[in-house]
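Open the model in your viewer and keep the selection tool at hand.

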Amino acid sequence: MEDHSPDIDEILIQQIQLGNKSAFEELYNRYSKVLFLYIYKKLDNQEEAQDVVQEIFTRIWIDRESLHIHTSTSGYLFRQALNRSLNIFRSQKVSDSYIDSLASNVNYYAESADEMTLKNEFQEVINKEISHLPNRMRSVFELRYKDGLTNKEVAELLKISEHTVSTQMKRALKLLRGKLGVVIFAFLLQNI
């Protein structure tokens, strides 16, 4: 059974602050599974739970030199997990609310200047992330959604199989969802 004593955790944190990758890996191995289960129970989404665990540990490594934990290490990690889970709930709520609002009002009201500004900002972020996709994936994505071609038409144009087009699209959407966040990704899906 692993020893999760505060003394060992404190030593690991001190070593991580000094840039010790082995200490970081040890902390990850000690807590990643239990954090995943904790987050998964809250979100009921395996992929999001994995993403949250990765975000927590990535942030620890990035901020290692200025990392100050005023509680126990486990308390800190679980607080991070809870806060990030709550943020996902909030963003999903905002996203659902935003999508519902746009869908019900688009036929009845002219867009306000604020909505146009927000849409333009979202579109800029989306275009930037699309430009960062690998070349083949970007070509497939743009032909499929920007130009409105079918999978078959894209396959014929690029001389690849329809299955490859489908796979590239799935990967592109997964990458974009991770990069754009829930709200902007929902905006993208609504406008393609």
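What share of the accessible surface of the protein belongs to carbon and sulfur atoms? The answer is 51% of about 12,300 Å². Keep in mind throughout that this is a predicted model.

Colour by secondary structure. Of the 192 residues, 30% are buried.

Now select residues 21-43, which form helix H2. Move along to Tyr 31, where a kink of about 40° in H2 is centred. Past the helix comes Asp 44, with a positive phi near 55°.

Which residues of H2 are buried? Show side chains for Ala 23, Phe 24, Leu 27, Arg 30, Tyr 31, Ser 32, Leu 35, Phe 36, Ile 39 and Leu 43. An α-helix has 3.6 residues a turn, so residues three or four places apart point the same way.

Next, select Leu 27, Ile 39, Phe 57, Ile 60 and Leu 77. These have the most contacts inside the largest nonpolar core, which has 22 residues. Helices H1 (6-17), H2, H3 (46-62) and H4 (73-105) each give two or more residues to this core. H2 gives the most, with eight.

Zoom in on Ile 39. Leaving aside residues up to four places away in sequence, Ile 39 touches Asp 44, Ala 49, Val 52, Val 53, Ile 56, Ala 81 and Ser 85.

Last, select Ile 126, Leu 133, Leu 143 and Leu 176. They are among the 14 residues of another core, apart from the largest one.

Methods
Residues are numbered from 1 along each chain as its sequence is written. This is a predicted model: local features need pLDDT of at least 70, side-chain atom pairs count only at pLDDT 80 or more; totals for chains, interfaces and linings use all residues. Side-chain values use heavy atoms; hydrogens and water are left out. The bend at a residue is the angle between axes fitted to the seven residues ending there and the seven starting there. Helices (H or I, at least four residues) and strands (E, at least two) are DSSP runs, numbered from the N terminus. Buried means under 20% relative accessible area, exposed over 50%, partly exposed in between (1.4 Å probe, protein chains only). A nonpolar core is a set of buried Ala, Val, Leu, Ile, Met, Phe, Trp, Tyr and Cys residues joined through side-chain atoms within 4.5 Å. Contact means heavy atoms within 4.5 Å. Accessible areas come from the Shrake-Rupley method with a 1.4 Å probe; for residues, only the protein chains shown count as cover.
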